[in-house]
Amino acid sequence: MGRRVTARRINLALQGGGAHGAFTWGVLDRLLEEDSIEIAGMSGTSAGALNGAALKSGMLAGGREGARENLDWLWGQVGAVEDSRMTAWMQGIDPSVIAQSIEYSVPFSLADTWSRMVSPYSYGPFYRNPLQSIVDKFNFDRVCADAGPRLFICATSVRTGKIRVFSGEDISTDAILASACLPTMFQAVEIEDPKTGRLEAYWDGGYTGNPALFPLFGKGLPADIVIVNINPLEREKRPITPQQIQNRINEISFNSSLFRELRAISFVQRLLDTGQLKPGSMARIHVHLIADDALMNDLSVATKLVPTAPVLKRLKEAGREAAELFIERDAPNLGQDSSVDLRAMFE
């Protein structure tokens, strides 16, 4: 009999980014095929929260294949990915062309202008959050279970501007909707604070943690954090249209909280390396990154907000390709060192 290989345990940090979260779907789909990698913990915001909840629920129901099937179901709900009628006429069209076609279309421009002029509270009894019908179908007995990967979901308190991290039995439909609540599109989600007993309003977690890394430093979790990045860190082309400018502002603001935590990790690592901190006094975190900035630069805010089956399919494919590269190039570093040069990132 062959020797059984011990799986290398990792934590996943799953960014938010609307429909671009289909890239993370592809990453997770490939990682779940790899028996040599075990997902121990997940921190997710917005689309990352949806992906994390779908993975955990599916895994507890049917193992790795169950997780993959549940992620397929989720993104089928989001963008009719499996409906060939929706994709046939768009086959072969470059995603960047689709992105520009949507961004410069009259309906999208009108909807974008409307969202800046009209509050989501103006709809009164006609208001509906379109994600609720999907999230309500999650099995929260499994999402909140102690078994399986530990799951953390991030949202931003409107009143205090501070992050709130939901885990265990605190995770609910409202917690996931809060994590994905863009304030110009959705009404703030109210959730009771167990410490004070008062209802608190929450917006998208990306403002304070996209996603938060600190929950993944907990006892029993591995030192390796794999960040699945869907907001490009750099854009070579200068944004010039109102939509491009607003999109880049959002990318920068949603990446800023992640950068702060990575800078802190880098600082601690340097102190450990130079002996200014005693070994064991602080955790040594190994940081890894799965991303495709080239593809994300070709897409736009339009493809974040308007899910189209061909773009979702391309994002999933790109996610699988990026995960394959991580497995081949960076996975050997797991448990030993970071594959991201944090010092170079901030110099």
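Predicted model: local features only at pLDDT ≥ 70, side-chain atom pairs only at ≥ 80, totals over all residues.

**Why these labels?**

Me: Why is V118 called buried?

Reply: Buried means under 20% relative accessible area, with exposed over 50% and partly exposed in between (1.4 Å probe, protein chains only). V118 has 19% relative accessibility, so V118 counts as buried. V118 lies in the loop between α5 (106-117) and α6 (132-135).

Me: What makes L299 buried?

Reply: L299 has a relative accessible area of 4%, so L299 is buried. L299 sits in the loop between α10 (293-298) and α11 (301-305). From C-alpha to C-alpha, L299 and V311 are 9.0 Å apart in space and 12 residues apart in sequence.

Me: How many helices and strands are there in the chain?

Reply: The chain has 13 helices and 8 strands. Helices (H or I, at least four residues) and strands (E, at least two) are DSSP runs, numbered from the N terminus.

Me: How do you know what span to expect of helix α12?

Reply: The expected span is 1.5 Å times one less than the number of residues. Helix α12 (residues 309-329) has 21 residues, and its reach of 30 Å from first C-alpha to last is close to the 30 Å expected. Buried residues in α12 include L312, L315 and F326.

Me: What makes β3 and β6 a pair?

Reply: Two strands pair if DSSP finds at least two bridges between them. Strand β3 (residues 150-157) and strand β6 (residues 199-204) have 3 bridges in the antiparallel sense, and S157 stands opposite Y202 in β6. Strand β5 (residues 189-192) also runs antiparallel to β6, joined by 4 bridges, and there E190 has A201 as its bridge partner. The hairpin of β5 and β6 has 6 residues between the strands, and G197 takes a positive phi near 80° in this hairpin.

Me: What is the largest nonpolar core, and which residues have the most contacts inside it?

Reply: A nonpolar core is a set of buried Ala, Val, Leu, Ile, Met, Phe, Trp, Tyr and Cys residues joined through side-chain atoms within 4.5 Å. The largest one has 62 residues, and F23 and F138 have the most contacts inside it. Helix α2 (residues 47-79) gives the most to this core, with 10 residues. Apart from it lies another core of 15 residues, among them A13 and L258.

Me: Why is a space called a cavity?

Reply: On a 1 Å grid over the protein atoms alone, a cavity is a set of points where a 1.4 Å probe fits but cannot get out. The count comes to 1 cavity of 30 Å³ or more, and about 60 Å³ of space lies in the largest cavity. Its lining residues (an atom within 4 Å of a point) include I227, L258 and M345. Helix α9 (242-273) and strand β8 (286-290) each give two or more residues to this lining.

Definitions and conventions: Residues numbered from 1 in each chain as written. Heavy atoms only, no water. 1 Å grid on protein atoms, 1.4 Å probe; cavity = no way out; pocket = protein on both sides within 12 Å on 5 of 7 lines; lining within 4 Å. Points joined across faces, edges and corners; volume = space filled by probe spheres on them.
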